[in-house]
Every structure is written in C-alpha cells, then in structure tokens.
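Subject: Handing over the structure we talked about

Dear colleague,

I am passing on the structure below, together with some notes on what was found in it. Please keep the picture open while you read, and take the notes slowly.

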Amino acid sequence: MAKFFAVFVLALIAISMLQATVSANGGHHGGGFGPGSLKSSQCGGECIRRCSKTQYHNACMLFCQKCCAKCLCVPPGFYGNKQVCPCYNNWKTKEGGPKCP
C-alpha cells in the first residue's frame with residue numbers, strides 16, 4: 001500500500017510539473033511560437049515585440065513581417081531563439097546570411 005501511495009504522489013507531481021510547463025509556455029499555439037502558430041493578422045504585433053529593442057527598427061519590422069507572412073511564426077524574445085521557427089531560421093539572403101531578424 002505504501003508503494004502505491006508513493007507512486008501515486010510521484011505521478012501527481014509529474015503531472016503538475018508538466019501542466020506548469022505548458023502554462024508557462026502559453027499553451028501549444030497560444031504564444032505565437034513554432035511553425036504555423038500565427039495567423040497573418042498576428043504578424044504585426046509579434047514583429048513589434050521582436051523588433052522593439054533594436055536600433056534598426058524599420059529594417060527589422062520590414063524583414064520580420066516578410067518572414068512572418070511566409071512562415072507564420074516569429075521566435076520568442078528580442079534576439080536569437082530562431083530554432084523554434086525552422087522556416088524563419090532557414091530563410092537566407094542571396095549571400096547566405098539570415099533573412100529574418
């Protein structure tokens with residue numbers, strides 16, 4: 001009986017931790033992160049967030065909106081984290097540099 005109780009308590013703790021992780025990430029598609037997680041109408045707001053701390057705001061907004069329209073995804077944060085959006089990460093310029101901010 002003690003083993004059953006211990007396993008039951010551990011299962012509850014694991015479920016609680018998983019639920020907290022999903023909630024902190026904004027659910028599956030709620031945070032705007034991940035391939036195809038946005039509607040095109042949401043790109044403006046996500047790009048404003050993404051480009052809010054750069055000194056090249058206009059260029060960042062231009063390319064972010066192009067990338068979001070194509071990929072329907074904008075990575076979390078102000079910089080980096082592009083691995084969350086493979087399309088956004090893999091779209092390159094003619095010279096081979098990153099197209100998306």
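Where is the place of tryptophan 91? Tryptophan 91 sits in the segment after α4 (86–90), where helices such as this one are DSSP runs of H or I with at least four residues, strands are runs of E with at least two, and the numbering starts from the N terminus.

Before going further, please note that this is a predicted model, in which local features need pLDDT of at least 70 and side-chain atom pairs count only at pLDDT 80 or more, while totals for chains, interfaces and linings use all residues. Residues are numbered from 1 along each chain as its sequence is written, and side-chain values use heavy atoms, with hydrogens and water left out.

**The chain as a whole**

The secondary structure of the chain comes to four helices and zero strands, and from the N terminus on the elements run α-α-α-α. Of the 101 residues of the chain, 23% count as buried, where buried means under 20% relative accessible area, exposed means over 50%, and partly exposed lies in between (1.4 Å probe, protein chains only). The accessible surface of the chain comes to about 7,000 Å², and 65% of that belongs to carbon and sulfur atoms; accessible areas come from the Shrake-Rupley method with a 1.4 Å probe, and for residues only the protein chains shown count as cover. Among the contacts in the chain with a separation of 6 or more, 52% are between residues 24 or more positions apart, a contact being heavy atoms within 4.5 Å.

Leaving aside residues up to four places away in sequence, tryptophan 91 touches Lys66, Cys67, Lys70, Gly97, Pro98, Lys99 and Cys100. Tryptophan 91 and cysteine 71 are 20 residues apart in sequence, and their C-alpha atoms are 9.4 Å apart in space.

Serine 41 is found in the loop between α1 (2–24) and α2, and counts as exposed because its relative accessibility is 65%. Along the chain serine 41 and alanine 69 are 28 residues apart, while a distance of 9.0 Å separates their C-alpha atoms.

**The disulfides**

How many disulfides does a search of the whole structure find? The search finds six, a disulfide being a pair of cysteine sulfur atoms within 2.5 Å. If the bonded cysteines of the chain are numbered in sequence order, the pairing reads 1-7, 2-5, 3-4, 6-12, 8-11, 9-10.

One of these disulfides is formed by cysteine 43 and cysteine 68, with their sulfur atoms 2.0 Å apart. The torsion about their S-S bond is about -75 degrees, so this disulfide is left-handed. Cysteine 43 lies in helix α2 (residues 43–51) and cysteine 68 in helix α3 (residues 57–71), so the pair ties together parts that are 25 residues apart in sequence. Cysteine 43 and cysteine 68 are both buried.

Another disulfide joins cysteine 47 to cysteine 64, with an S to S distance of 2.2 Å. This pair links distant parts of the chain, with cysteine 47 in helix α2 and cysteine 64 in helix α3, 17 residues apart. The torsion about the S-S bond of cysteine 47 and cysteine 64 is about -85 degrees, so the disulfide is left-handed. Cysteine 47 counts as buried because its relative accessibility is 0%, and cysteine 64 is buried, with a relative accessible area of 0%.

Cysteine 71 and cysteine 87 also form a disulfide, their sulfur atoms being 2.1 Å apart. This pair links distant parts of the chain, with cysteine 71 in helix α3 and cysteine 87 in helix α4, 16 residues apart. The torsion about the S-S bond of cysteine 71 and cysteine 87 is about -65 degrees, so the disulfide is left-handed. Cysteine 71, at 9% relative accessibility, counts as buried, whereas cysteine 87 is partly exposed, with a relative accessible area of 33%.
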